[in-house]
Amino acid sequence: MLAFIVRRLLWMALVLFAISVLVFLIFFATPGVDPARQMAGRNPSAETIKSIKHEFGLDRSLPVRYGLMMKHMFITRDLISYGSHTRVIPEITSAAPVTLSLVFGAAIIWIVFSILFGVAAAVLRGTVFDPLLMILALIGISIPVFWLGEVVNLITQSRLHDSFLFSWVPPLGYTPLTQDPFMWFKQLIFPWLTLSVLYIGFYARVLRANLIETESEDYIRTARAKGLSERRVLFRHTLRTSMITFVSLFGLDFAVLVGGGALLTEVVFGLPGVGLLTFNSLTALDLPVIMTTVIYAAFFITLASALVDLVYAWLDPRVRLA
Amino acid sequence: MAEPLLEVRDLKVSFRTEDGIVRAVDGISFTLDEGEVLGIVGESGSGKSVTMMTVMRLITDPNVIYQGSIIYKGRDLMGLSRDAMREVRGEEIAMIFQDPMTSLNPVYTVGWQIEEQLNEHNDLKKGQARRRAMELLAQVGIPKPEQRIDDYPHQFSGGMRQRVMIALALSCNPDLLIADEPTTALDVTIQAQILELIKNLKREFGSAVVLITHDLGVVADVADRILVMYAGRIVEEGNKEQIFYDPQHPYTWGLLGSIARLDRPRARRLTAIAGQPPSLINRPQGCSFRTRCPQAFDRCRAEDPQLTAKVGDGHLDACHLSVEDKRERRDKTINPELAETA
Ligand SMILES: Nc1ncnc2c1ncn2[C@@H]1O[C@H](COP(=O)(O)OP(=O)(O)O)[C@@H](O)[C@H]1O
Ligand code: SF4
Ligand SMILES: [Mg+2]
């Protein structure tokens with residue numbers, strides 16, 4: 001177990017290093033990118049550009065520049081954005097809680113409802129409810145999240161906002177949990193529901209397929225031959241082994257969303273999260289911010305894959321942690 | 001005579017499929033006494049598993065159609081409620097299956113799986129179930145049960161897993177143990193050990209056993225009585241001596257001819273019966289074995305032979321040949337070498 005953790009941490013460090021180098025090189029290989037010129041404003045003199053270059057270390061060799069950037073990111077934590085000239089680390093640390101709030105809430109909703117729908121569809125196989133639920137799930141998968149978000153906003157923020165149904169809905173935005181938990185919840189409930197729709201549909205379908213596949217396993221027949229109740233067979237045997245695929249998918253989807261993949265939902269609901277930050281930095285070709293958000297995302301994705309492996313080994317004893 | 005433990009009366013099991021109705025079991029009747037060992041033998045697809053799975057009411061296919069009755073200790077199992085049937089399953093009638101590799105849940109320890117069964121049917125205190133599970137593992141010959149009880153199925157060999165399955169099945173002292181091809185997936189040496197184990201435990205636990213196999217050689221040692229099944233019907237029934245020393249049905253001769261025997265020249269040892277079993281959807285008119293039967297004659301095409309006793313008490317067969325004809329032709333089929341030299 002300890003060996004597993006150490007190995008995974010080393011692996012994570014290696015992945016983060018490789019990704020940061022790659023992003024760094026891509027940035028400097030991209031034609032037309034000259035941060036000094038960007039920063040200097042309109043029609044700068046050669047002197048100004050030169051002094052900016054010197055100030056930001058842009059006149060040094062590539063490895064030194066990479067080293068400087070890492071130093072500012074991790075050690076002195078005072079990396080400056082080329083675009084806004086503000087510090088990057090506080091930007092990330094203020095955007096991360098927004099994204100984490102959004103994704104955690106949505107994840108809870110999507111786990112609960114996808115299990116509910118997936119199990120219901122599998123149990124009701126042979127009745128009309130199974131295809132009905134699966135069509136519903138397919139619709140959920142197919143609806144573009146930004147469109148759904150806009151419709152939700154249209155209803156809750158303008159058209160029906162004055163009706164008793166939605167008059168409680170606060171304006172778009174984010175209030176920290178620590179500041180006003182109730183406001184936090186009220187502002188996030190629609191973003192949560194909107195973001196989870198796609199995943200509920202997808203996970204319900206995957207789970208149903210897994211349940212039906214597991215149902216035909218010999219050990220399920222053994223469980224019935226033991227005289228167990230249908231409920232126990234379903235929850236302790238069929239569902240338990242079907243969760244293996246579910247969990248590994250979940251870990252990676254969750255990580256991608258935390259890493260900035262919930263951009264569209266953040267934009268539609270005006271949530272200043274990591275997705276929005278990444279998007280803005282990419283359009284501005286702002287290397288320090290790109291670098292920081294990419295490393296942030298890679299951190300969560302490698303962390304999640306390590307956690308998935310742990311949970312996987314716990315769910316399926318045939319998998320040995322080596 | 002005492003009431004039999006199990007009496008199956010004119011059981012028919014069919015499945016609705018896209019191609020038509022598959023008559024997997026087509027009118028089977030037999031009885032089983034307490035403590036008796038019944039062998040059910042037949043080629044793959046002859047309806048052995050479906051018959052005994054029906055007794056356990058374990059068929060989950062929604063397209064199944066049943067007819068007939070299954071009387072266990074005076075109660076018709078077909079009429080029992082789901083919950084009442086659960087009490088029977090595992091506690092009164094237990095079943096072990098062909099493939100020990102896939103019959104245990106991979107995500108729970110073997111101890112957990114045995115304890116689950118014990119707790120389902122008994123009010124046990126904490127620790128009691130575990131102690132009993134350990135005893136059972138010892139009884140089925142698993143070395144170091146106090147350690148192995150916390151191992152997962154994948155940590156056992158095939159033979160050891162089948163022992164675990166047997167421990168599981170016997171955990172509630174069932175009156176009837178159904179073993180569906182318990183040795184088919186195992187090595188020959190392990191097969192013999194498992195059969196020996198079933199024989200010993202049967203004596204110890206006193207339960208009746210139904211042993212399903214496609215290999216007559218497997219039941220030779222263990223079974224008191226044998227049913228020979230073909231295409232969903234019983235074609236011959238008798239005690240061990242009758243089936244092995246005076247087999248009446250040409251299909252049984254074929255099965256006897258395909259037993260691996262060391263006293264025969266290698267080439268002659270495993271002669272499977274030529275041809276394919278008939279379609280269970282459109283059963284041909286007359287004897288269902290006639291398309292493969294070397295002895296078939298006119299009457300076989302026109303008339304369906306009924307299962308009747310012709311040669312002795314409790315020895316039934318479904319074939320139109322006269323007893324004299326059978327005995328004469330049989331030797332040529334089963335022991336061609338002997339017939340040639342004679
Ligand atoms: N669920 C099912 N649907 C359709 N046909 C089935 C089903 N289960 C079994 N059968 C058919 O019933 C016949 C008997 O099967 P089975 O009892 O498993 O044979 P065996 O004697 O090898 O145990 C086979 O031809 C099989 O194809
Ligand atoms: S009835 Fe005819 S076809 Fe059928 S087994 Fe007897 S001889 Fe063969
Ligand atoms: Mg079978």
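Which elements of chain B each supply at least two residues of the shell around ligand 1?

1. The elements in question are β1 (6-17) and α1 (48-55) of chain B, each of which supplies at least two residues of that shell. Since the structure is a predicted model, this point and those below describe computed geometry. Of the two elements named, α1(B) is the one that gives the most to the shell around ligand 1, its contribution being 3 residues.

2. There are 13 residues around ligand 1, and those that come nearest are B:Gly45, B:Lys48, B:Ser49, B:Val50 and B:Asp61. Divided by class, the residues of this shell are 4 nonpolar, 6 polar and 3 charged.

3. A backbone N or O atom of B:Ser46 lies 3.1 Å from an oxygen atom of the ligand, and a polar backbone atom of B:Gly47 is 3.0 Å from an oxygen atom of ligand 1. For B:Lys48 the side chain is involved, with an N or O atom 2.8 Å from an oxygen atom of ligand 1. On its own, ligand 1 has 560 Å² of accessible area, and the protein covers 67% of that area.

4. Ligand 2 has a shell that divides into 8 nonpolar residues, 3 polar residues and 1 charged residue. Its surroundings include the cysteines B:Cys287, B:Cys293, B:Cys300 and B:Cys319, together with the histidines B:His249 and B:His320. B:Pro250, B:Phe289, B:Arg290, B:Gln295, B:Ala296 and B:Leu321 also surround ligand 2.

5. Taken along the principal axes, the box filled by the C-alpha atoms of chain A is roughly 85 × 60 × 35 Å.

6. The contact between the chains takes 22 residues from chain A and 28 residues from chain B. The size of an interface is often given as the accessible area lost when the parts come together. Here chain A and chain B bury about 2,300 Å² between them, with 56% of that area on carbon and sulfur atoms. A:Arg221, A:Lys226 and A:Pro317 supply 26% of the area that chain A buries against chain B, which is more than any other three residues supply.

7. Polar pairing across the interface amounts to 12 residue pairs in polar contact, both residues being at pLDDT 80 or more. On the side of chain A that touches chain B, the elements giving two or more residues are α9 (218-225) and α10 (230-261) of chain A. The largest share of that side, 7 residues, comes from α10(A). By class, the side of chain A that touches chain B has 6 nonpolar, 5 polar and 11 charged residues.

8. Side chains of opposite charge can pair when their charged atoms come close. The count between chain A and chain B is 2 salt bridges, one of them joining A:Arg232 to B:Glu116 with the closest N and O atoms 2.6 Å apart.

9. Over all chains, the count comes to 30 salt bridges. Within chain B, the side chains of B:Arg233 and B:Asp26 meet in a salt bridge with an N to O distance of 3.0 Å. This pair links distant parts of the chain, with B:Arg233 in strand β10 (residues 233-239) and B:Asp26 in strand β2 (residues 20-32) of chain B, 207 residues apart.

Notes: Residues numbered from 1 in each chain as written. Chains lettered and ligands numbered in written order. Predicted model: local features only at pLDDT ≥ 70, side-chain atom pairs only at ≥ 80, totals over all residues. Heavy atoms only, no water. Contact = heavy atoms within 4.5 Å. Buried area = accessible area lost by both parts, 1.4 Å probe. Salt bridge = Lys/Arg side-chain N within 4 Å of Asp/Glu carboxyl O. Polar contact = N/O pair within 3.5 Å; in protein donor to acceptor, adjacent residues only side chain to side chain. Helix = DSSP H or I, 4+ residues; strand = E, 2+ residues; numbered from the N terminus. Nonpolar A, V, L, I, M, F, W, Y, C, P; charged D, E, K, R; others polar. Near = heavy atom within 4 Å. Areas by Shrake-Rupley, 256 points an atom, 1.4 Å probe, with all protein chains shown as cover.
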